[in-house]
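Colleague: I'm new to this one and could use a guide. Could you pick a single part, go through it closely, and then show me what else is worth a look?

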Amino acid sequence: MSSTSPATIRPHGKVVACAKSEASRQHLELAIRRAGYDCVSVASLTEARVLVMNDLIAAAVIDEPESVTDVEALDAEARRGERPTQFILLPSIGQRLTAPRSASCEVLDPPLTPERIGRALFSAVARAQLITENIQLRQKLEGRMFDGLVGVSEATRELRSAIHAAAEHDLPVLVSGESGCGKSEVARAIHLTRSGPGQPLLTVRCSLLTSSVVERELFGDENAEGRFAAAATGTLVFEEIEALTIAQQHQLAEIILNSAFPHAGNYVPLRARIIATTSANLRELCQQEKFSPQLLRILDRNTVVVKALRHRMEDLPVLAEHFLQQCSVKEGQSIRRLSEAALQRLLSYSWPGNARELENVIARCCSLNTTPELTAEEIEPWLEQNNESTELPGLTLREMERKLIEATFTRFGGNRELTAKALQIGIRTLSGKLREYGYPPRGGPGSNRVQERAA
C-alpha cells in the first residue's frame, strides 16, 4: 500500500525584492514568484521602507545590502510601527555580513538557489503571518480596554504604551491633560489592563463634592463602607484631585505612604490602586500653597499625559466616525457618514473642548437630523466662534434649543413622555416649550403638530 506525504499548507503574503541592478531584481522576482508569493520589486532600501511602513509586507529580500545596520534600523522601525515584515539578506560571493542582532533579520549565505530562497521565504512568511495574527488578537483585546481611546496618531500609540507601562505596577498614577481630552478613559484603561473587568473601579469626583461629603465617601460611616474599603483590590480614581482641600491632600499622601487608611479607630490595609486625574498645573498650585508638595511627589513619579485633540488631529476622522456610529446605534438609526466638506470643517476647527466637544457636536447633529450624510452646514452652528471672528453663528441659542426640541419631538412621533426623557427635561418644561412654539395643549387635537399661524 503506497502512502503519500500530506500537502504542505503554504502561508500567504506579499514579498519585496530589493536589488540595485535590474537583472538581479528580475532574478529575485522570478525566484519569489516561483515559490508561490506575490512580489513587488524596488531598487533601494529607501523604496523598500515606504512599502514596509505603508503596506502589509510579509518579507523583504535584500540583495547585497551595503550595511546590516541599515536593515536593522528599518527592522526596528517596522517593529515600532507594528509591521510584521521579516528581512532576508543575500550577500554577494565573498561578501561577509555581520550576523543581525534581530530575530526578524536572516542572512542567507550562498549558494543562493531558488530552492534555498523558497525555503527561507516559507519560514519568514510563516513568522510574519503569526506576528500579524498576534497583533490582531492584541488589538482586539485592547479594543475592549481602550474603547474610549480611538485614534491612529503617534500620540495615541504612545498613550497606549504609557497605559501598558502604568499597568505593570501598583504604584499611584497621575493622569494629566486638558479638560475633555479623555483622562477618565485613560484611568479606566489602566484599571482594565491591570486588574480586568472583574475588579471594582470606583471614582471620587472631587470638584463636585463638598469637603464633608468627600470625607464620608472615602471613609464611610456607620451605615455604609467608604470607597477605600469598597475598592478592595480594584482601582480608586480621584478626578480633578486639586479640588481636595489641603488637609485632605495631606491625609491622602499619608494613606498612600503607609498603605493603610483609618476606619473605626483602627488602620485598615489599603489594597486599592490609586489613580488621580487633573487639568491643572500642580507644580504651580504647590508654589501657591494650594496643593500638597508631598502628594505631588508621590503622584509625579508615574505620570501619563493625554495630549489635546488639536495636537493629534490625525485622530479626528476616526474619532468622528466612532462617535457617529455610537450615536446611530443609540438613536436606532442607520450608520451615518461624514461628507468631505464636513470632515474638512472639523479638521479646520481648534477644538478647545477636545474629544468631549467633538462627541457633543456629533451627538447634537445626530439628534437634529437623520439623513445618511452629516454635512458641514449641520455642524457649523455647534462650533464655538473664534473670538477674533466677526462672523455671527448660524443660529441663536434660543433657535438651537427650539430646533433640537422639535426634531426630537418629531422623531418620537409626538410622544411627550419619550421626548422629555430623551432630552432629560421635565414633561411640564417640555409642554411649556411646545406651547411657546405654537403647539396645542397636551392631549388636544393636533397636539403633536404646530398650529398654523394667522397670516
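Modeller: Let's start at the hairpin formed by S9 and S10, which have two residues between them. Before we go further: the model is predicted, so local features are kept at pLDDT of at least 70 and side-chain atom pairs at pLDDT 80 or more, while totals for chains, interfaces and linings use all residues. Numbering runs from 1 along each chain as its sequence is written, and side-chain values use heavy atoms, with hydrogens and water left out.

Strand S9 covers residues 260-263 and strand S10 covers 266-269; they pair in the antiparallel sense over four bridges. (Strands are DSSP E runs of at least two residues, helices H or I runs of at least four, numbered from the N terminus; two strands pair if DSSP finds at least two bridges between them.) Pro262 has Tyr267 of S10 as its bridge partner. In the turn, Ala264 shows a positive phi of about 55 degrees.

That sort of angle is worth a second glance, because most residues other than glycine have a negative phi, and most peptide bonds are trans. Ala232, in the loop between helix H8 (227-230) and S8, has a positive phi too, near 50 degrees. Asn354 is not a glycine either, and its phi is positive at about 60 degrees. You'll find Asn354 in helix H14 (residues 354-368), where it counts as buried because its relative accessible area is 0%. (Buried means under 20% relative accessible area, exposed over 50%, partly exposed in between, with a 1.4 Å probe and protein chains only.) As for peptide bonds, the one joining Pro110 and Pro111 is cis, with omega about 5 degrees. Pro111 sits in the loop between S5 and helix H4 (114-145).

Now look at helix H3, residues 68-80. Val68, Val71, Glu72, Leu74, Asp75 and Ala78 are the buried residues of H3. They cover an arc of only 160 degrees around the axis, so they lie on the same side of H3; that arc is taken from the directions from the helix axis to the C-beta atoms. Thr69 and Arg80, on the other side, are exposed. The cover over the buried residues includes helix H2 (45-54), strand S4 (86-90) and strand S5 (105-107). Just after H3, Glu82 has a positive phi of about 55 degrees.

Next, the cores. The largest nonpolar core holds 30 residues, and Phe228, Leu236, Phe238 and Ile241 touch the most other members. (A nonpolar core is a set of buried Ala, Val, Leu, Ile, Met, Phe, Trp, Tyr and Cys residues joined through side-chain atoms within 4.5 Å.) Among the elements giving two or more residues to this core are strand S7 (201-205), strand S8 (235-239) and helix H9 (246-258). Setting aside residues up to four places away in sequence, Phe238 touches residues including Val204, Leu218, Phe228, Leu252 and Ile274; contact means heavy atoms within 4.5 Å. A second, separate core of 27 residues includes Leu316, Ala320, Leu383 and Met400.

Last stop: Thr419, in helix H17 (residues 416-423). Thr419 counts as buried because its relative accessibility is 0%. Beyond its neighbours within four places in sequence, Thr419 is in contact with Ile405, Thr408, Phe409, Phe412 and Leu430.
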